[in-house]
Amino acid sequence: MPSSISLEALEALDLDPAFALHRGGKLEVRSTVPVRNADDLALAYTPGVARVCSAIAEKPELAKDYTWISNVVAVVSDGTAVLGLGDIGPAAAMPVMEGKALLFKQFAGVDAVPICLDCTDVDELVETVVRLAPSFGGINLEDISAPRCFEVEARLREILDIPVFHDDQHGTAIVALAALKNAARLTGRSLGDLRAVVAGAGASGIAVSRILLNAGIGDIAVADSKGIIHQGRDGLNPVKEALARDSNRAGLHGSTEQALAGADVFIGLSGSTVSEEAIASMASGSIVFALSNPTPEVRPEIARKYAQVVATGRSDFPNQINNVLAFPGVFRGALDVRATTITENMKVAAAEALAGVVGDDDLSADYVIPSPFDERVAPAVIAAVSEQARADGVARL
């Protein structure tokens, strides 16, 4: 116990129910086989285990059948972009990674191990994860700051033959696409009919924009702290340069609020604010996803004055865009068929399955995305991801 924290101070912390719940951590390891006697011990450990080890040494793929690898994911972070707290370091990131592992198990039966790394250099992160990878069936990257997160994921995907998935990017993107598909359906339109403006060009903003482009959005303009990203703008990093080439067909310049005039969709992933006047300037039947936490870019009660559908990242308002709707089922589906990667098509399939959970009779302005506790969610996503993995030729089962 650090000398700077007294017993009295710890007892005071435990009066907060969040601290009380986290005391001792949120995870434990349990065995799946009994060790009741010498015979059990001889099978679970030496000498019986040696026969299994020898078989795996001859055929390494047997590790997926005779160890826990095929059902376990590493939840990896360097603590540089934790929730809305920023760069708080690996130790302070551990409660979030534990929580992520808890959700993997709760919602899809996937075992997950939180791993917080004390390094931030891209080369070191990649090398460390590659060295850890033989112990896992998949890698879930978490809370790694942009733009490093893009390179880390890309390099790991290239090197490893197991699923690598940066949830801050793709989990958000999958759920946002599902909700937007249903919001468009509710308002009598398709994605191709919509012009969207995304505020925020970090990990989630880039990924949401990319999945919407892949799914056929009519047009999309993305803004960072310096305004709308467009071809020819100075100071763009390679990720933003690529996005500039693929988006903003209308050639918009200027600020987020200027771009919102006449737009059909606003998606906020920036932590900034958007004025009521800008929301009012959007097209009739507009859709507002103000997803920054804990403070949305525009208050839902304000947005509802003008928008037909409003979503946030918070659980205390309707239409919560929550990553837990996606990542457990995505990994379960990928692990079940021993996929070598998670393709763009698999992400879109997950979004379509998630959207499909909301039937026509249930669809409303306050219900365009299901609850994480809807028992139909995980099975739908799992089935869609597994099927798409086979269709894409990345499944080994």
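Mentor: Happy to! On a 1 Å grid over the protein atoms alone, a pocket is an open set of points with protein on both sides within 12 Å along at least five of seven lines, a cavity is a set where a 1.4 Å probe fits but cannot get out, and lining residues have an atom within 4 Å of a point. The model is predicted, with local features needing pLDDT of at least 70 and side-chain atom pairs pLDDT 80 or more, while totals for chains, interfaces and linings use all residues. Residues are numbered from 1 along each chain as its sequence is written, and side-chain values use heavy atoms, without hydrogens and water.

Start at the second largest pocket, with a volume of about 980 Å³ (the space filled by probe spheres set on points joined across faces, edges and corners). Its lining has 27 residues, and Val-29, Arg-30, Ser-31, Thr-32 and Trp-68 lie nearest the centre. At least two lining residues come from each of helix H3 (38-44), helix H4 (48-58), helix H6 (90-108) and strand E2 (111-116) (DSSP runs numbered from the N terminus, H or I of at least four residues for helices, E of at least two for strands). By class, 16 lining residues are nonpolar, five polar and six charged (Ala, Val, Leu, Ile, Met, Phe, Trp, Tyr, Cys and Pro are nonpolar; Asp, Glu, Lys and Arg charged; the others, Gly among them, polar).

The largest cavity has a volume of about 60 Å³, and its lining includes Lys-64, Ile-69, Gly-137, Pro-163 and Arg-396. That lining has six nonpolar, two polar and three charged residues.
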